[in-house]
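Please work through each task before reading its solution.

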Amino acid sequence: RLTIECLSNIKEVTDYLLNLNENFITKEKNLTLCYRSLLIELFRSGKKCVVPQVFKSVIGELNPLFQGFHAADSKDLVFFIIERLHLELNNENKKMPIIQKDFYQLELESRNEQLMLQNFFNDFKLKSNSIISETFYGITRSIMECKGCNIKKYSFQSFNMQIFQLKKLKEDKLFHYKDNGKLNLIEGFVLQQMPENLNNENMIYCNNCKGLNDGIHQQNIYQLPKVLIVILNRGRNNADFNEEFDFPALLDLRFTNIALDQNSPRLFYLCGVITHLGESGSGGHFIAYCRNNQNDKFTYYNDSIVTEVSIEEAISSKISNNENEKRTPYILFYHYI
């Protein structure tokens, strides 16, 4: 339910589905039909509460991971819904996953990067053309360099979420900055894109050297999506990273090098947060805060409790009526301005 609340408040996708010609929705587009019916109940029926039983049943039929009444990971559900809707809404009806194989080329001259990038974009747009790909997908660029011959291998790939391993980011921060302060979202992006040395058991095979060598790997965001989804992975049972993580209501990336493409979206507002309550992942409870796409106010969702709250409440690490209860953000949704 929390996942649906967050996704349903992505205005361009919801508006597209609500206004979709019913003749376009064939029986093969079963998740699209079901999700559209749910959106109609949420935004046009006047109902104060909607139980998504049919939607859950269809999701379970399409993916056994979401069958039954056990708690499935919200991250997996977000990914599955986005991927499935794209497959059903792809204008070319290609029926293929949106994430294509990497486009590789062993070249040292930087001028070839633009050619590779253009080829990737052309292929990506040809095979992946839907309201979902237009909204949720960005592009990453990876460089793998062999230290033996300095040949670089470039690759471009689409993504629909950024996953932060918070324990690793904290270790990287200590190594680079010798600072014990709290991590924040912009700093997380910067650390995520730092070069990584590959050696010992992580050595790379170089086609040019015909053998294993030490290497350097760096992955950068080339183009950010219109809706940026960030997963804050704290490790097993929430124990690997138990510190606070700061995230802003307004994510301003205009003065950073986080996105290589100068035309990439760089200014985002927070539109949804899925948050865990409790000391560990093996217990506790999930809640959500969503910015209503009709009035720009935040709504707090906690089972049957649905109430309007301030933006300060949505980004706080404490519950206002229970200062002793720990609250840790898990999934962040940001919409470009």
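**Exercise 1.** Is Phe156 buried or exposed?

Solution. The model is a predicted one. The relative accessible area of Phe156 is 0%. Buried means under 20%, so Phe156 is buried.

**Exercise 2.** Determine how many aromatic pairs there are, and classify the pair of Phe156 and Tyr222.

Solution. Ring centres must lie within 6.5 Å to pair, and by this rule the count comes to 6 aromatic pairs. For Phe156 and Tyr222, the ring centres are 6.4 Å apart and the planes stand at 90°. Planes over 60 degrees apart count as edge-to-face; therefore this pair is edge-to-face. The pair links distant parts of the chain, with Phe156 in strand E3 (residues 152-159) and Tyr222 in strand E9 (residues 215-223), 66 residues apart. Tyr222 has 10% relative accessibility and counts as buried.

**Exercise 3.** Classify the pair of Phe164 and Phe189 and locate both residues.

Solution. The ring centres of Phe164 and Phe189 are 5.1 Å apart, and the planes are at 85°, so the pair is edge-to-face. Phe164 belongs to strand E4 (residues 162-165) and Phe189 to helix H9 (residues 185-192); they are 25 residues apart, and the pair links distant parts of the chain. Phe164 is buried at 0% relative accessibility, and Phe189 is buried with a relative accessible area of 0%.

**Exercise 4.** State which residues make the nonpolar surface patch of about 310 Å², and decide whether Leu212 is buried or exposed.

Solution. Met203, Tyr205 and Leu212 make this patch. Leu212 lies in strand E8 (residues 211-213). Its relative accessible area is 54%; exposed means over 50%, so Leu212 is exposed.

Methods
Residues numbered from 1 in each chain as written. Predicted model: local features only at pLDDT ≥ 70, side-chain atom pairs only at ≥ 80, totals over all residues. Heavy atoms only, no water. Phe/Tyr/Trp six-rings, centres within 6.5 Å; stacked < 30°, edge-to-face > 60°. Helix = DSSP H or I, 4+ residues; strand = E, 2+ residues; numbered from the N terminus. Buried < 20%, exposed > 50% of the residue type's maximum accessible area, 1.4 Å probe, protein only. Patch = residues over 30% accessible without salt bridge, like charges linked within 9 Å, V, L, I, M, F, W, Y side chains within 5 Å. Areas by Shrake-Rupley, 256 points an atom, 1.4 Å probe, with all protein chains shown as cover. Salt bridge = Lys/Arg side-chain N within 4 Å of Asp/Glu carboxyl O.
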